Amino acid sequence: MAKYFDVHPDNPQARSIHQIVDLIRSDGLIAYPTDSCFALGCRMGSKDALDRIRAIRHLDDRHHFTLMCHDFAQLGQFVTINNALFRAVKASTPGPYTFILPATKEVPRRLLHPKKKTVGVRITAHTTAQAILAELGEPLVSSTLLLPGEPEPMTQGWEIKEMLDHAIDAVVDSGDCGTEPTTVIDLSEGEPEILRVGAGDPERFSSSPA
């Protein structure tokens with residue numbers, strides 16, 4: 001059964017955050033809130049948890065996983081970005097955007113798009129997610145908690161526990177979070193390509209320099 005953590009949205013309890021991170025480090029899979037919607041998350045080195053995300057969401061090997069990063073400095077360790085796009089990305093983080101970029105060798109191969117060798121990266125503004133990332137010290141491999149056949153992501157912590165109780169290890173409930181996934185922007189070819197319009201305004205990238 002999944003553990004249920006009721007975390008204060010503005011002042012996350014240190015004890016709860018420590019327990020959540022211990023669970024992640026033990027190859028646990030969590031459902032946690034972001035500033036766009038709930039996500040599934042695990043550590044980068046956990047093949048078992050990654051396989052469980054694929055099973056829950058029915059994902060194939062072409063799916064772009066997202067590395068949820070604590071800050072821009074951490075993001076820069078895992079992807080390469082050219083100078084022309086650097087400012088636009090930095091100005092949009094933290095926020096409800098996911099950027100597809102060429103991965104560095106720090107990213108495990110199983111997380112990469114098989115042909116493009118790219119990965120998604122994101123910095124969330126959500127206080128509880130940030131607290132988890134700060135304690136963990138590395139990105140969380142993440143995927144929107146959108147179940148197969150459902151039109152919208154799941155939004156209620158108790159609902160997630162009820163539905164996925166035996167498929168995940170913990171639900172982190174920190175009150176209401178968004179219901180709309182991130183806007184996804186592919187920057188891997190230099191010219192921004194909007195792959196999904198979501199919570200972030202895509203217009204700020206429509207005229208970015210290549």
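Axes here are lines fitted to C-alpha atoms, for helices over the stretch in contact, and angles run from 0 to 180 degrees between N-to-C directions. I noted that α1 passes α5 in a right-handed crossing, meaning the near helix is turned clockwise from the far one by less than a right angle. On the α1 side the contact (heavy atoms within 4.5 Å) is made by I17, H18, I20, V21, I24 and R25. On the α5 side I listed T128, A131, I132, E135 and L136.

Before going on I wrote down the basis: this is a predicted model, in which local features need pLDDT of at least 70 and side-chain atom pairs count only at pLDDT 80 or more, while totals for chains, interfaces and linings use all residues. Residues are numbered from 1 along each chain as its sequence is written, and side-chain values use heavy atoms, with hydrogens and water left out. Helices (H or I, at least four residues) and strands (E, at least two) are DSSP runs numbered from the N terminus.

Next I looked at α5, residues 127-136. T128, A129, Q130, I132, L133 and L136 are buried there (under 20% relative accessible area, 1.4 Å probe, protein chains only). These buried residues pack against α1, β2, β4, β6, β7 and β8. G137 follows the helix with a positive phi, near 80 degrees.

Then I traced the sheet. It is open and mixed, with 10 strands in the order β1-β8-β2-β3-β7-β4-β6-β5-β9-β10. I took strands as paired if DSSP finds at least two bridges between them. The edge strands are β1 (3-6) and β10 (193-196). β5 and β9 pair in the parallel sense over 4 bridges, and T98 has V184 as its bridge partner in β9. Helix α6 lies across β1, β2, β3 and β8, running at about 170 degrees to β8.

Last, I checked the cores (buried Ala, Val, Leu, Ile, Met, Phe, Trp, Tyr and Cys residues joined through side-chain atoms within 4.5 Å). The largest has 43 residues, and L67, F99, L145, I160 and I168 have the most contacts inside it. α2 gives the most to this core, with 4 residues.

Methods: Buried means under 20% relative accessible area, exposed over 50%, partly exposed in between (1.4 Å probe, protein chains only).
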